[in-house]
Amino acid sequence: MVHLMKRVFPSILAFLLLVGSVSLSAFLNGKQVYAKGDGTVHTTSSMGDRQNQPDDPKGELVSIEGEMRAVWVPFMSLDMKDTDHSQQAFQMKFDNIIAQAKECGLNTLVVHVRSHGDAMYPSDYYPWSHLLTGTQGQDPGFDPLQYMVEATHKAGMQFHAWVNPLRIQVNGSPAVLSQDNPYIVWRNDENPSNDQWVLDYNEDKYYNPAIPKVRQQIIDGVKEIVAKYAVDAIHFDDYFYPTTDAAYDQASYNEYVAQFGEGGKPLSLADWRTTNINTLISGVYSAIKAVNPQVQFGISPQGNISNDIGMGADVYSWGSAKGYVDYLCPQLYVNFEHPLLPFNKMADDWRALVTNSNIKLYFGLGVYKVGSDADNGTWNSDGDILKKQVEYGRDKGCDGFMLYSWDYLKAPQTQTEISNVIEILNQ
């Protein structure tokens with residue numbers, strides 16, 4: 001019973017906090033203008049002209065029959081650094097992505113559209129992605145997302161818009177944040193109260209999900225995509241709290257605890273963080289459904305459930321309760337011979353975790369490890385590891401598979417495995 005309450009209580013509190021924060025929904029709703037110290041983020045000319053953007057999504061959503069056969073297209077695959085940064089070059093790059101996925105018989109692309117608190121489209125909330133021009137905040141002169149969605153649908157495939165909700169800068173990427181990046185604005189304005197709206201972890205930078213206005217910005221950023229583009233789904237990956245270190249968000253947690261006064265009973269740090277993430281996730285889900293109930297919302301957590309819980313990802317609630325997600329796709333990037341968490345054990349655990357019949361369960365497969373020395377060299381054997389994983393997943397009743405990542409569909413070391421897994425995926 002105690003274990004159950006630890007799982008359920010943060011979810012209940014998350015709902016209450018979400019209801020209490022509805023009055024903040026107007027924050028960052030539409031174009032904003034900087035007023036020093038108020039924390040708002042304005043739309044500059046570098047973020048693109050929104051006046052010619054239609055209010056309704058462009059085109060219709062795509063339905064697929066049978067199981068999900070998807071591939072992740074990470075931000076590295078969209079980097080224009082070796083091109084002339086032109087619209088034509090981008091479209092040629094993406095056409096090649098579609099062609100290779102179609103050649104493999106896949107039916108869905110999961111494409112990075114906001115990887116570092118930036119956007120592959122003109123946004124009212126986030127600066128232009130550095131991937132397009134080499135400089136964050138610089139308008140490329142065209143709308144990449146519009147083309148990607150339309151081209152993917154024309155090919156008869158679904159388009160899932162992949163968003164990192166909290167990441168701003170990791171491992172020095174992007175090298176320089178634009179002046180209109182909310183991190184720069186909030187840290188450099190004259191209002192000290194918004195300094196904790198973004199957090200630093202070593203050299204990396206993240207949004208702080210404990211702040212209602214920050215959560216609302218993330219929610220509104222997702223709502224913007226669904227309202228203006230015919231994406232079939234919004235997709236979050238596994239980046240939530242980057243550390244269990246109490247020092248990371250100590251100031252925000254101390255403010256929360258202080259509200260209870262002497263003798264109060266605040267949540268533990270771990271449960272408080274989980275509540276913050278649950279409030280964000282349920283808010284995103286509700287916002288998507290308010291715009292278009294047909295658009296799906298999915299999350300791809302780490303395969304290691306203990307790691308998910310440690311970073312505030314309440315996968316038990318997401319897989320059982322209504323109002324969080326439409327699908328889960330755990331990253332099962334291990335093989336059957338893994339010494340600690342073999343594939344079959346992880347697959348069994350996730351199958352047992354997703355108890356809501358309305359929530360789809362997909363398995364994420366680690367193509368990038370094939371033919372490498374990863375996991376003590378156990379990926380060098382057989383040549384049919386991925387095929388066996390698909391067979392195992394089907395036996396367990398999962399609803400499909402996602403491959404990580406597109407770049408490895410044609411890599412020399414993966415060809416035997418890819419041929420085998422594509423053959424069985426298309427049976």
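This is a predicted model: local features need pLDDT of at least 70, side-chain atom pairs count only at pLDDT 80 or more; totals for chains, interfaces and linings use all residues.
Asn171 is placed in the loop between β4 and α5. Its phi is near 55°, which is a positive value in a residue other than glycine. Asn376 belongs to helix α12, residues 374–377, and is exposed, with a relative accessible area of 69%.

The loop that holds Asn171, between β4 and α5, also contains Pro174. The peptide bond leading from Ser173 to Pro174 is cis, with omega near -5°. Another cis peptide bond joins Tyr404 to Ser405, and there omega is about 0°. Ser405 is located in the loop between β12 (400–403) and α14 (415–425).

## Aromatic pairs

A pair of aromatic rings is described by the distance of the centres and the angle of the planes. The structure holds 25 aromatic pairs. One of them is formed by Trp72 and Tyr333, whose rings are 6.4 Å apart from centre to centre, with 90° between the planes; the pair is edge-to-face. Trp72 lies in strand β1 (residues 68–73), whereas Tyr333 lies in the loop between β10 (331–332) and α11 (343–353), so this pair ties together parts that are 261 residues apart in sequence. Trp72 counts as buried because its relative accessibility is 2%, and Tyr333 is buried as well, with a relative accessible area of 11%.

Phe343 and Phe363 provide another example: their ring centres are 6.2 Å apart and their planes stand at 90°, so the pair is edge-to-face. This pair links distant parts of the chain, since Phe343 is in helix α11 and Phe363 is in strand β11 (residues 360–365), 20 residues apart. Both Phe343 and Phe363 are buried. Trp72 and Tyr333 also belong to one aromatic cluster, together with Tyr368, Tyr404 and Tyr408. Tyr404, a member of this cluster, is the residue joined to Ser405 by a cis peptide bond.

## Packing of helices α6 and α8

Two packed helices are described by the angle between their axes and the distance between the axes. Helix α6 (residues 212–228) and helix α8 (residues 269–291) pack at an angle of about 25°, with their axes 9 Å apart. Because angles under 35 degrees count as roughly parallel, this angle makes α6 roughly parallel to α8. The crossing of α6 past α8 is right-handed.

Which residues of α6 and α8 meet? From α6, the contact involves Arg215, Ile218, Ile219, Val222, Lys223, Val226 and Ala227; from α8, it involves Asn276, Thr279, Leu280, Gly283, Val284, Ala287, Ile288 and Val291. The residues of this contact divide into 10 nonpolar, 3 polar and 2 charged.

Is Leu386 buried or exposed? Leu386, which lies in helix α13 (residues 385–395), is buried, with a relative accessible area of 0%. When its neighbours within four places in sequence are left aside, Leu386 is in contact with Leu365, Val367, Val370, Trp379, Glu417 and Val421.

Leu386 can also be compared in position with Ile418. These two residues are 32 residues apart along the chain, and their C-alpha atoms are separated by 7.8 Å.

How values were computed: Residues are numbered from 1 along each chain as its sequence is written. Side-chain values use heavy atoms; hydrogens and water are left out. Axes are lines fitted to C-alpha atoms, for helices over the stretch in contact, and angles run from 0 to 180 degrees between N-to-C directions. Helices (H or I, at least four residues) and strands (E, at least two) are DSSP runs, numbered from the N terminus. Angles under 35 degrees count as roughly parallel, over 145 as roughly antiparallel, 65 to 115 as roughly perpendicular and the rest as oblique. A crossing is left-handed if the near helix is turned anticlockwise from the far one by less than a right angle, and right-handed if clockwise. Contact means heavy atoms within 4.5 Å. Ala, Val, Leu, Ile, Met, Phe, Trp, Tyr, Cys and Pro count as nonpolar, Asp, Glu, Lys and Arg as charged, and the others, Gly among them, as polar. Rings of Phe, Tyr and Trp (its six-membered ring) pair if their centres lie within 6.5 Å; planes under 30 degrees apart count as stacked, over 60 as edge-to-face and the rest as tilted. Buried means under 20% relative accessible area, exposed over 50%, partly exposed in between (1.4 Å probe, protein chains only).
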